[in-house]
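Work through these exercises with the structure in view. Try each task before reading its solution.

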Amino acid sequence: MNSEIQGRAAHVAAIREKAEAEMKAIGVDEAFISKLVETFYGRVLKHPELGPVFDARLSGRWPEHMQKMKSFWSSVAFRSGAYCGKPVQAHLGVANMTPELFPKWLSLFSATLDDVAPTPEAKDWFMATAERIAKSLTLSLFYNPALDDPAKKMG
């Protein structure tokens, strides 16, 4: 049993080391992640559609949210396990959130990466990851399988 635990720990460490090396090779470090999060959410707040939705949910809690998002992106990029939140639950019941906001969020994220990403590879990696996250959240929050059921469709 003990050797199994040690083997698992070594495997997790190897995954983390590989991720850190991959991120370093494309210019990603903690300073970049911090700059990305700060710049992006500064722009979110100024966005005419995204800003009110985010600010209504996070008013008075922006510093904690910023720290959480830095931890989230660091955990994703470096496979560090630093983030232990539940993104779907965190987004349930957010007033005025619609599936149409996700493409706007992605567009703003892409424009932010254009301005702050250290390399094209970093932009590509973060955009691909953001697109997967947006798709996952959209499906989790808004998808209704009954809408795809041919028996339920009127024709």
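This is a predicted model: local features need pLDDT of at least 70, side-chain atom pairs count only at pLDDT 80 or more; totals for chains, interfaces and linings use all residues.

**Exercise 1. Survey the chain.**
State how many helices and strands the chain has. Then say which element has the lowest mean pLDDT and which the highest.

Solution. 
- Step 1. Count the elements. There are seven helices and zero strands.
- Step 2. Read along the sequence. The pattern is α-α-α-α-α-α-α.
- Step 3. Check the confidence. The chain has a mean pLDDT of 86, and 81% of its residues reach 70 or more.
- Step 4. Compare the elements. Helix 5 (residues 87-91) has the lowest mean pLDDT, 64. Helix 2 (residues 30-46) has the highest, 97.
- Step 5. Of the 155 residues, 33% count as buried. Among contacts with a separation of 6 or more, 77% come from residues 24 or more positions apart.

**Exercise 2. Classify the pairing of helix 2 and helix 4.**
What is the orientation of helix 2 to helix 4? Which residues meet there?

Solution. 
- Step 1. Take the two values. The axes of helix 2 and helix 4 come within 9 Å and cross at roughly 135 degrees.
- Step 2. Classify. That angle makes helix 2 oblique to helix 4.
- Step 3. Helix 2 passes helix 4 in a right-handed crossing.
- Step 4. Name the residues. From helix 2 come Glu 30, Ile 33, Ser 34, Val 37, Glu 38, Tyr 41 and Leu 45. They meet Trp 62, His 65, Met 66, Met 69, Lys 70, Trp 73, Ser 74, Ala 77 and Phe 78 in helix 4.
- Step 5. Sort them. The contact of helix 2 with helix 4 has 10 nonpolar, three polar and three charged residues.
- Step 6. Zoom in on His 65. His 65 lies in helix 4 (residues 62-78). Its relative accessible area is 13%, so His 65 is buried. Beyond four places in sequence, His 65 touches Tyr 41 and Leu 58.

**Exercise 3. Compare two partners of helix 7.**
What is the orientation of helix 6 to helix 7? What is the orientation of helix 4 to helix 7?

Solution. 
- Step 1. Start with helix 6 (residues 101-116) and helix 7 (residues 120-142). Their axes come within 10 Å and cross at roughly 165 degrees. Helix 6 and helix 7 are therefore roughly antiparallel.
- Step 2. Helix 6 passes helix 7 in a right-handed crossing.
- Step 3. Look at the contact. Helix 6 contributes residues including Phe 102, Trp 105 and Phe 109. Helix 7 contributes residues including Phe 126, Met 127 and Ala 130. The contact of helix 6 with helix 7 divides into 12 nonpolar, two polar and three charged residues.
- Step 4. Turn to helix 4 and helix 7. The axes come within 12 Å and cross at roughly 110 degrees. Helix 4 and helix 7 are therefore roughly perpendicular. Their crossing is right-handed.
- Step 5. Look at this contact. Phe 72, Trp 73, Val 76 and Ala 77 of helix 4 take part, with Trp 125, Phe 126, Thr 129, Ala 130 and Ile 133 of helix 7. The contact of helix 4 with helix 7 has eight nonpolar, one polar and no charged residues.

**Exercise 4. Trace two phenylalanines.**
Which residues does Phe 109 touch, not counting those up to four places away in sequence? Which does Phe 54 touch, with that exclusion?

Solution. 
- Step 1. Phe 109 is in helix 6. With a relative accessible area of 1%, Phe 109 is buried.
- Step 2. Phe 109 touches Leu 36, Phe 40, Trp 73, Phe 126, Met 127 and Ala 130.
- Step 3. Phe 54 is in helix 3. With a relative accessible area of 18%, Phe 54 is buried.
- Step 4. Phe 54 touches Tyr 41, Val 44, Trp 62 and Trp 105.
- Step 5. Phe 54 and Met 97 are 43 residues apart in sequence and 9.0 Å apart in space, C-alpha to C-alpha.

Note on methods:
Residues are numbered from 1 along each chain as its sequence is written. Side-chain values use heavy atoms; hydrogens and water are left out. pLDDT is the predictor's confidence in each residue, from 0 to 100. Helices (H or I, at least four residues) and strands (E, at least two) are DSSP runs, numbered from the N terminus. Buried means under 20% relative accessible area, exposed over 50%, partly exposed in between (1.4 Å probe, protein chains only). Contact means heavy atoms within 4.5 Å. Axes are lines fitted to C-alpha atoms, for helices over the stretch in contact, and angles run from 0 to 180 degrees between N-to-C directions. Angles under 35 degrees count as roughly parallel, over 145 as roughly antiparallel, 65 to 115 as roughly perpendicular and the rest as oblique. A crossing is left-handed if the near helix is turned anticlockwise from the far one by less than a right angle, and right-handed if clockwise. Ala, Val, Leu, Ile, Met, Phe, Trp, Tyr, Cys and Pro count as nonpolar, Asp, Glu, Lys and Arg as charged, and the others, Gly among them, as polar.
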